[in-house]
Structure formats: structure tokens, C-alpha cells
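Please look over the sequence and the model shown here before reading on. The paragraphs that follow lead through a few of its local features, one after another.

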Amino acid sequence: MKPLLYLSALLVLLTLPLQAQPLQCPCTQALKKLVLKVEREYPGFSSKTKDSSLYQSLKQTLHKQAKGRDAKGCPRVLKAYTDFFKDPHLWVGANGTPFAAATRTFSEKLTIDLKEFEKNLQTTSDSLEGVYTMPGYKVGLKKTPANEYIGFILESASNAWRPKDIKFKLLTDGSFTYALMDRSIQKGQYQSFYGALLFLEQIQVVLTKQTPKPRIDNVQIESRRKELEGFYFKKVSEKTSVLRLPSFEYQHLETINQLLTEQTALLESSQNLIIDLRGNPGGTTDAYQKLLPYISGKFIRHTGVEFLATQTYINNLETYKKSLGKDTPTQKMDQQIQTLKANLGRFVNFTSTGKSFFIDTLTVALKSPQQIVILANKSTGSSAEYFLFIAKQSKKVKVLGTPSYGALDYGNAYLIDFDCPPYQLFMPTYRALRLPDYPIDNIGIQPDVYLDPSIRDWVAFARDYLEQ
């Protein structure tokens, strides 16, 4: 795959520095600049504003609403504008986080002496209290007199969360209340394992205790953590194995490659294979390259894309180029940058032939499963959907489940500044050349076999489907 063509459209962000300004833009100015940025640089703008009267009416309405809106009320106006385009890869937000729809949120802070908290952990007999790590955060967990547990931020990779902010609460009935990145509330059930791991099931979050140090062996903790996070490969019957891949994000790339390397013998010897992609939001297409020789034929037909040549995208590529190591080849990127500069305002197809498709040739594995089922649901998105798109070309693959998320028509999105800090715009840079014939956004990749709500155990159903 071409890395510049298929970077993760949802999760690979190149964050550009915001220009320092003494005052935040008035809402009318922020809306004006947002509209200008989208109209000039969004690759889907012309196709999504064919009803010009509807679009102009929207702008007039929002400009009226923006008058007099303060910093608290303006996000709703800005969000209404980007929502018009119904593109999962186009959103407005602040501090790297999209503005949320009006919903219940909590924004509490814990009054606590951190030094006293750390001191008390040395003698606590409570198996849950402690310091934990989770993706993007280091949190403390403290029991309260009300017999509940408060999870609060100690360190955060996101500016949206500060030390002592309450991130979640655990109740004695086994339920949790968790604040997502935008502080909207998610509820569900939690489980504790060995006093070392916490698993928040509905949001698939695993917290690993650091202090007090768990008494269980680190190997056991790591093995259980990987299984809870969903990265595992195991037999479910004599003929069938299941490979669970809940994410293709870059931070999991090593885990996936190591898992496939360690389980090569099982991959080659399994008569049937179930690949469980439920809840996989995408990430990098590098994550599934090792799988393709085992599930595909000799050829994979890819639909091409065309990039809208803008100065913003050129700046992003040049910034990305500077971040690469000195030994990284950049000749191809240099050529693409020059092509973009020569075609500002126009769409550019980087393939050498200029065609709307290209074909990859694979060396097929000598030993591989005879039948393959891929499980997908509404939370399977972005590059995970592209995996479905190319996997369905194989004669031995069937997709079972529900339509996927539907976020594949416009991609290679970047988080950019539109000169109104702290507001930011997340916007794609290309459109797929299968449009308008084969749209996927807000539709999804359709399964070969739909699994209705009466089917509780999808893996068991897939196993029976393969073995019947």
C-alpha cells in the first residue's frame, strides 16, 4: 500500500502549532474563517453542495446565530456547519478534540492532596486503590466514604484533561461511569483481575496497576492484558481459530505483528479462520499487511484517490518530511510536493498511470486457511473498512455482521488551524475515485451475511457457519 494514500483517516493526526493570538475570535469571525477554509480546501465540497440554495440558507442561518454567541455558545454553531457535510472525517473542535453533540457530561475535579494519596497507598489493604496507566493517561483510583471509587487524572497526553480531573467512577454494584475525551458520559460494567487490571467492558479500556505493585507475575498480567485488550489468536474448535484485532492504531502495530509471528503455525494449520474486527476504529493499513498473503488471491484491486492541492496540505507534507529520520528516502514525497505546488486548487492523482485504480500483486502463502469469516459491526471503521473492502475480493472470505461505520470516501485527514485559536478543523485531503458510483460514507461496507440482534455469540455463529 502507498503510505501517503492510505494513512489512517480517523486516527493519524499531524497537529500543526496554533498561531498565538491575544484574544479568541468572535463567533462571527470564527464561523467566517471556518466556512472559507472548508469551501477552499475540503475535497468533498463541490459534490456535497450541489443544492446551492440549501447550503446558502444554512450559512445565512448560522451567521445569524453566531451574532452575540460567546465562547461557550459558539462551538454549537461551528459544529452545525461541519455536520452539514455528513463526513465522519470532517469536524471542528479544540485542543485536538471534536465538539460533542449536546449530551450529558460531567466536568468534576477532585480535591485531594496527591502526596498524602501516594503515602496512603503504601499501607492500603484495598485491592482496587492505586495508580494505574491506560492509553493516554496515568490515573489515581481512590475509595470514598460513599463506598465508591474515584478515578482521577495524574498525567494526560491531552490538553483537554488536567491533573485531579475526575475521569471515571466505579460503583460497588460493578458498574462504571466514564467521561470520554469530549466529557460525554459512557456507562457500563467493570471487572477486576488479580488486583492488577481493571477492564471497562463497554468502552474496551484496560487499566494496568503500577502502585502498589501487584503480587502476580508480570508475564501473567501482560498475557491477560493483551487478551482483555482483544489482541489474541486461539483455537475455538479442532478446525477453527479466531484472531481478534480490536484496533489498527499505530501503538498496536508491534503487538499485532508479534502476535502473527508467534502464531504463524496456528495460522497456517487452521482449516477455518475467524477474524474479529468488531469495534476496530481503524488506524494504519500497515497493521494487516502480514495477513493479506493468507486471505487474498494473487491480485488485489485498489481504488485510487485524488488529492486536492492546497497550500495547507503542502505545508503538512513538508512538516511531516522534516520529522523523518535522515536515512528515510524522501524522493517520492518531494515529487508529490512539487506536483501539488504546480496544481494548486486542482485535484491530483499521484499514480503513474493516472488511472482510477491500481493492482497489487501478492506472493500467496503456501499454507493458509481454506475458509475465512470476518466479523464486522457499526464500530468497524476507516482503515478497518478498507481491509473489508479488499478482503471481500477473495473467493474464500465472507463478511458476517452488520454494515460497518461508513468512513472511507474522504481520507488522509489532518488537524489544522484556521486562524482562530483554540478552534481547530479536522479535514481530509483526498476523495476516493470510486465516487460517485460506490459511496461508503454513512452507509458502510455491507456484510455477506447479516447477523440480527437475536444472535448473541457471533464467534460461535461464525464457527458453526464455517463448519456446517
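Helix α1 passes helix α3 in a right-handed crossing, a crossing being right-handed if the near helix is turned clockwise from the far one by less than a right angle, and left-handed if anticlockwise. The model is a predicted one, in which local features need pLDDT of at least 70 and side-chain atom pairs count only at pLDDT 80 or more, while totals for chains, interfaces and linings use all residues. Residues are numbered from 1 along each chain as its sequence is written, and side-chain values use heavy atoms, with hydrogens and water left out.

Two packed helices are described by the angle between their axes and the distance between the axes. On the side of α1 the contact (heavy atoms within 4.5 Å) is made by C27, T28, L31, K32, V35 and E39, and on the side of α3 by Y55, K59, L62, H63 and A66.

Most residues other than glycine have a negative phi, and most peptide bonds are trans. A cis peptide bond joins T211 and P212, with omega about -10°, and P212 has its place in the loop between β10 (205-211) and α6 (218-229). The bond from L435 to P436 is also cis, with omega near 5°, and P436 lies in the loop between β23 (430-432) and β24 (449-450). N442, found in the loop between β23 and β24, has a positive phi near 65° and counts as partly exposed at 45% relative accessibility, where buried means under 20% relative accessible area, exposed over 50% and partly exposed in between (1.4 Å probe, protein chains only).

T402 is found in the loop between β19 (397-401) and β20 (410-411), and is buried, with a relative accessible area of 17%. Leaving aside neighbours within four places in sequence, T402 is in contact with residues including N377, K378, Y450 and W458. A polar atom of the T402 side chain lies 3.3 Å from the backbone nitrogen of K378.

Notes:
Helices (H or I, at least four residues) and strands (E, at least two) are DSSP runs, numbered from the N terminus. A polar contact is a pair of N or O atoms within 3.5 Å; within protein, one must be able to donate a hydrogen and the other to accept it, and residues adjacent in sequence count only if both atoms are side-chain atoms.
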